[in-house]
Amino acid sequence: MRPLFYRLANQLPNTLFVEVPVTESNANLHQGLGVPSLPFGHIYTPEGGLVEESRISRRKFSTFTLKLKSYLSRSCELVDGEVSSPYTTLKKDDVASSVV
């Protein structure tokens with residue numbers, strides 16, 4: 001995992017990456033952060049604080065990378081059919097009747 005982590009950090013030089021090894025002196029830190037297993041990743045943003053957290057394995061690293069890059073670019077991909085509008089669709093008559 002370490003090579004993947006360092007490679008990603010090198011690809012994104014304007015992003016702060018922090019590696020926190022587990023030692024006897026900082027075991028409480030990991031517990032306080034709610035880290036259930038290692039390796040584990042947190043994504044923080046200046047506006048939102050902690051926005052993502054997940055276990056990271058070789059299999060899941062690409063998903064973690066995509067999530068991180070979506071926060072950096074402030075956009076994400078939406079797959080057709082997997083999302084719906086949170087807004088109610090109004091008919092033309094409904095809109096016209098509500099205007100005073």
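This section describes the fold, salt bridges, pockets and backbone features of a predicted protein model.

Residues are numbered from 1 along each chain as its sequence is written, and side-chain values use heavy atoms, with hydrogens and water left out.

The protein chain contains four helices and two strands, assigned as DSSP runs (helices, H or I, at least four residues; strands, E, at least two) and numbered from the N terminus. Their order from the N terminus is α-α-β-β-α-α. The accessible surface of the protein chain amounts to about 8500 Å², as computed by the Shrake-Rupley method with a 1.4 Å probe, and for residues only the protein chains shown count as cover. Carbon and sulfur atoms account for 55% of this surface. Of the 100 residues in the chain, 18% are classed as buried; this class denotes under 20% relative accessible area, exposed denotes over 50%, and partly exposed lies in between (1.4 Å probe, protein chains only). Among contacts (heavy atoms within 4.5 Å) between residues at least 6 apart in sequence, 32% join residues at least 24 apart.

Three salt bridges are present in the structure, each defined by a side-chain nitrogen of Lys or Arg within 4 Å of a carboxyl oxygen of Asp or Glu. One of them pairs R2 with E19, with 3.1 Å between the closest N and O atoms. This pair links distant parts of the chain, as R2 belongs to helix α1 (residues 2-11) and E19 to the loop between α1 and α2 (27-32), 17 residues apart. R2 is exposed, at 52% relative accessibility, while E19 is partly exposed, with a relative accessible area of 38%.

A further salt bridge joins E47 to R74, the closest N and O atoms being separated by 3.0 Å.

The salt bridge between E52 and K67 has a closest N and O distance of 3.6 Å. Since E52 lies in strand β2 and K67 in helix α3, the pair ties together parts that are 15 residues apart in sequence. Both partners are partly exposed, E52 with a relative accessible area of 23% and K67 at 31% relative accessibility.

Empty space around the chain was examined next. Rolling a probe the size of a water molecule over the atoms shows where such space is left. On a 1 Å grid over the protein atoms alone, a pocket is an open set of points where a 1.4 Å probe fits, with protein on both sides within 12 Å along at least five of seven lines, and lining residues have an atom within 4 Å of a point. Grid points are joined across faces, edges and corners, and a volume is the space filled by probe spheres set on the points.

The largest pocket has a volume of about 1100 Å³. It is lined by 33 residues, of which F5, V18, G41, H42 and F64 are the closest to its centre. Elements α1, β1 and α3 each contribute at least two residues to this lining. By class, the lining of the largest pocket comprises 23 nonpolar, six polar and four charged residues, where Ala, Val, Leu, Ile, Met, Phe, Trp, Tyr, Cys and Pro count as nonpolar, Asp, Glu, Lys and Arg as charged, and the others, Gly among them, as polar.

Leaving aside residues up to four places away in sequence, K69 touches L8 and Q11. The C-alpha atoms of K69 and L12 lie 9.1 Å from each other, although 57 residues separate the two along the chain.

A cis peptide bond occurs from L38 to P39, with omega near -5°. P39 is situated in the loop between α2 and β1.

Definitions and conventions: This is a predicted model: local features need pLDDT of at least 70, side-chain atom pairs count only at pLDDT 80 or more; totals for chains, interfaces and linings use all residues.
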